[in-house]
Amino acid sequence: MVAEDCAEHGRGVVSGGRGRGGGGAGAPPPAGRGPAAADTTAAGCFPAPPAKDIRPGDPRYAELTARGYNGRFSGRPESVRLVHRADQVVAAVDDALRTGRRIAVRSGGHCFEGFVDDPAVQVVVDVSEMKSVHYDPRHKAFAIESGATLGEVYRTLYLGWGVTVPAGACPGVGAGGHIAGGGYGGLSRHHGFVADHLYGVEVVVADRPGRARLVTATRDPADPHHDLWWAHTGGGGGNFGVVTRYLMRSPGARGDDPTTLLPKPPATIRSVTIGWSWADMTEAAFVRILRNHGTWHERESAADSRYAPLSAWLILNHRANGRFTLVANVDGSLPHGAQLLDEYVAAITAGTGVRHEAEQATALWMKSTLTTDPYAGGGYPFKSKAALLRKAWTETQIRTLHRCLTSSGGEHQGSAVYLSTLGGRINTVPASATAIPHRDSLFSASYETSWWPGISGDEQLAWVRELYRDLYADTGGVPVPDAANGGAYINYPDVDLADPRWNTSGVPWHTFYYRDNYPRLQQVKARWDPADVFRHALSVRPPGR
């Protein structure tokens with residue numbers, strides 16, 4: 001038996017049987033028992049461990065409840081159910097339904113808010129041990145279990161078949177929530193959102209009173225579960241059930257040669273890093289740099305632009321850090337790649353009147369992808385706010401950024417603003433084709449602050465909230481979707497958008513994340529989770545709630 005077949009059969013009869021054909025009639029076998037376990041042993045594969053119900057007093061409890069990346073939140077659930085197979089997830093959800101306990105699921109643990117570490121959550125289903133990445137010949141697609149990290153996905157897909165998905169820059173992030181929220185990264189201008197490559201999804205749902213089941217939903221419009229697939233192309237995690245695995249195959253990909261079913265990454269990445277010292281910076285120069293940047297990207301963000309292969313990240317560190325930078329990447333094999341980067345540097349730095357440093361480098365794609373992780377470590381308390389921009393920041397907004405980034409002192413060493421480029425292939429897809437509607441945005445902006453554990457963080461929280469409020473003062477302190485703003489990205493959740501103290505626009509929170517797609521998501525919710533079992537502070541609500 002080949003390795004991928006071993007992984008396929010080792011995930012239980014629910015995953016290997018009824019979940020394939022149309023989503024599942026009949027009850028699941030007890031966790032860890034039934035034909036699945038016997039099949040794996042007979043085939044010479046190592047059987048999966050049994051699910052573990054880990055409670056306070058078990059030394060592993062502290063490890064599992066401390067997996068959340070944001071140190072602002074610390075959960076104390078009654079138990080953590082550590083699962084290894086889809087049928088174990090079904091059993092865990094069944095148990096929670098039978099006992100009436102509030103349930104949440106954790107994959108990589110990188111949720112920005114306390115959705116899993118909510119005091120109301122009594123059972124956490126931890127899928128981090130479900131991390132197989134393999135080719136599934138039955139679906140002619142790559143299977144990615146929801147506990148796999150992006151780094152594990154990149155490494156396995158690339159070394160095994162020379163392919164990848166256009167996902168994020170943080171190898172430690174779990175695929176479980178990232179893909180469900182749409183997912184984007186350095187290859188997205190060329191290949192679209194990760195959700196654009198989602199062929200199918202396997203989800204444990206609670207669509208029948210008191211019972212859970214595993215359902216497979218696919219891209220095929222004739223699939224009776226097609227709406228559940230659509231909801232996972234940007235609807236976000238924790239809304240409709242527990243994802244056990246994703247099936248990835250690019251639109252239009254045909255045949256059974258796995259090396260042709262997903263995008264191929266570049267062998268190497270050529271990058272340029274431009275750096276400026278805050279000590280040399282004037283407000284006028286700061287404004288000119290950001291205006292140059294915004295104007296250039298507004299002009300060159302079409303899919304057919306000569307600069308379409310270029311992706312960039314503007315990292316505006318607070319003055320307490322000493323400098324800020326701009327990083328741009330292109331495919332290292334492009335014969336004119338160095339020229340593109342030189343032209344980019346010249347356009348961004350033109351007329352600023354301040355000194356800058358610019359350095360080009362070339363690195364292997366996989367090595368650079370696996371070693372660059374802005375969210376490595378974790379555990380620090382932080383607050384992140386975000387916006388999607390249809391146009392560049394205005395001069396007034398840039399001056400607001402300058403004021404906030406140069407205010408106060410060392411207590412803001414963990415404060416920064418990040419601006420990633422979108423556009424390109426992302427914006428060639430209709431807004432209703434996937435649940436993520438942001439097909440007209442050019443930038444993704446994040447406004448963040450973090451602080452040392454043990455201090456209140458009040459000053460840092462006030463800083464980021466006031467920056468956001470002042471930046472979007474003309475639209476009620478929030479990026480209301482309009483000609484300039486696209487709303488917000490659900491993988492960067494911010495409960496302040498549902499708080500009238502910080503959102504004075506009168507626009508409901510779900511409009512920022514889902515825009516016109518929200519009513520359809522509500523219908524999916526009503527069908528697949530009518531009792532609202534899977535919920536959090538920003539979850540899709542059933543109609544009428």
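Are lysine 385 and aspartate 494 buried or exposed? Both residues are buried, a class that requires under 20% relative accessible area, whereas exposed requires over 50% and partly exposed lies in between (1.4 Å probe, protein chains only). The tour begins with this pair, after two remarks on the model.

The model is predicted, and local features need pLDDT of at least 70, side-chain atom pairs count only at pLDDT 80 or more, while totals for chains, interfaces and linings use all residues. Residues are numbered from 1 along each chain as its sequence is written, and side-chain values use heavy atoms, with hydrogens and water left out.

**Salt bridges**

Select lysine 385 and aspartate 494, whose side chains meet in a salt bridge at 2.7 Å, N to O. The pair links distant parts of the chain, 109 residues apart: lysine 385 belongs to strand S14 (residues 382-389), and aspartate 494 to the loop between strand S17 (485-487) and H16. Helices (H or I, at least four residues) and strands (E, at least two) are DSSP runs numbered from the N terminus. A salt bridge is a side-chain nitrogen of Lys or Arg within 4 Å of a carboxyl oxygen of Asp or Glu, and the structure holds 37 of them.

Next, select aspartate 207 and arginine 213, a salt bridge in which the closest N and O atoms are 2.6 Å apart. Aspartate 207 is buried because its relative accessible area is 17%; arginine 213, at 10%, is buried also.

Move on to arginine 469 and aspartate 470, joined by a salt bridge of 3.0 Å, N to O. Here arginine 469 is partly exposed, with a relative accessible area of 36%, and aspartate 470 counts as partly exposed at 26%.

For a network of salt bridges, select Asp53, Arg55, Glu78, Arg81, Asp95, Arg98 and Arg101.

**Helix H12**

Select residues 337-349, the 13 residues of helix H12. At 1.5 Å a residue the helix should span 18 Å, and the end C-alpha atoms are 19 Å apart, which agrees; the expected span is 1.5 Å times one less than the number of residues.

Now colour the buried residues of H12: Gly337, Leu340, Leu341, Tyr344, Val345, Ile348 and Thr349. They lie on the same side of H12 because they cover an arc of only 150° around the axis, the arc being that of the directions from the helix axis to the C-beta atoms. Their packing partners are strand S10 (268-277), helix H11 (283-299), strand S11 (311-317), strand S12 (323-331) and strand S13 (357-364), where contact means heavy atoms within 4.5 Å. Glycine 351 follows H12 and has a positive phi, near 70°.

Lysine 140 sits in the loop between strand S5 (133-136) and strand S6 (141-145) and is partly exposed, at 37% relative accessible area.

Then select arginine 515, another residue other than glycine with a positive phi, near 50°. Its loop runs between helix H16 (509-514) and helix H17 (518-528). Arginine 515 counts as buried, at 15% relative accessibility.

**A nonpolar patch**

Finally, show the surface of Tyr380, Trp452 and Ile455, which make a nonpolar patch of about 360 Å². Patches are made of residues with over 30% relative accessible area and no salt bridge, with like charges joined within 9 Å and nonpolar side chains (Val, Leu, Ile, Met, Phe, Trp, Tyr) within 5 Å. Accessible areas come from the Shrake-Rupley method with a 1.4 Å probe; for residues, only the protein chains shown count as cover. Isoleucine 455 is in the loop between strand S16 (443-450) and helix H15 (458-471), and it counts as partly exposed at 45% relative accessibility.
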